[in-house]
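Keep the picture open while you read.

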Amino acid sequence: MRDIESKEFVLAGIVMKCLLSGEQTAGQFCLFENKSDGNTKTPIHVHTRDDETVYVIEGELTAVLDSQPRRLTSGESIFLPRGIPHQLTNMSGNPCRYILIGTPALFERFLEEGGHQLQPNEDVGPPTPEEIERLREAAPRFGITLLPDWPHPSNARKVFYGADSRTSALGRLE
């Protein structure tokens, strides 16, 4: 069994715990329990080699699929097929817990390279410029394209979390 099982990782301010790895599923899928503190969003991105399915356990999450937002609450799910731009946001200010299934099991390897392992007593917050750069460097190796609306590492903390009251849900000043 690989070392990833039951480890927790951080990517884009979201804590992701591996429940089933690709090794456990013969590469068919990987399963994660994700936690957002209520002030997170993934970059707008496209997968070319894997699909994602999201199921909300508690709280709310907005999935933007091909520019169309869909609010998901406890008990709701969405399929995010490869080749379609998408983003997951939780800007509600309230925690959210959700399941993420990656098919086939490619996402876990991306998470190991693009994110970092959660450290004991770590206070998870906005991604640092270094974390964003690591995510940017890892993405192409896993068939993931980050689209231009993701903040540049030099201004990530301000734009990512909407420090300016005029910041839109996509992190741009309007």
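## Ground rules

A quick definition to start: a residue is called buried under 20% relative accessible area, exposed over 50%, and partly exposed in between, using a 1.4 Å probe and protein chains only. Helices (H or I, at least four residues) and strands (E, at least two) are DSSP runs, numbered from the N terminus.

This is a predicted model, where local features need pLDDT of at least 70, side-chain atom pairs count only at pLDDT 80 or more, and totals for chains, interfaces and linings use all residues. Residues are numbered from 1 along each chain as its sequence is written, and side-chain values use heavy atoms, with hydrogens and water left out.

Most residues other than glycine have a negative phi, and most peptide bonds are trans. Now for some spots to check against that. T103 and P104 are joined by a cis peptide bond, with omega at about -10°. You'll find P104 in the loop between β11 (96-103) and α1 (107-114).

Then there's D66, whose phi is positive, near 55°. D66 sits in the loop between β7 (60-65) and β8 (68-73), and counts as partly exposed because its relative accessibility is 45%. N121 also has a positive phi, near 65°. Look for N121 in the loop between β12 (116-117) and α2 (129-138); at 84% relative accessibility, N121 is exposed.

## Salt bridges

Side chains of opposite charge can pair when their charged atoms come close. A salt bridge here is a side-chain nitrogen of Lys or Arg within 4 Å of a carboxyl oxygen of Asp or Glu, and by this rule the count is 5.

Which residue does R97 pair with? R97 bridges to E33, with the closest N and O atoms 2.6 Å apart. That pair links distant parts of the chain, since R97 is in strand β11 and E33 in strand β3 (residues 30-36), 64 residues apart. R97 is partly exposed at 26%, whereas E33 is buried at 15%.

R82 is in the loop between β9 (77-80) and β10 (86-90) and D51 is in strand β6 (residues 51-58), so the pair ties together parts 31 residues apart in sequence. D51 is buried, at 13% relative accessibility.

R71 forms a salt bridge with E60, their closest N and O atoms being 3.1 Å apart. R71 lies in strand β8 and E60 in strand β7, so this pair ties together parts 11 residues apart in sequence. R71 counts as exposed because its relative accessibility is 52%, while E60 is partly exposed at 26%. Finally, salt bridges that share partners join E33, E58 and R97 into one network.
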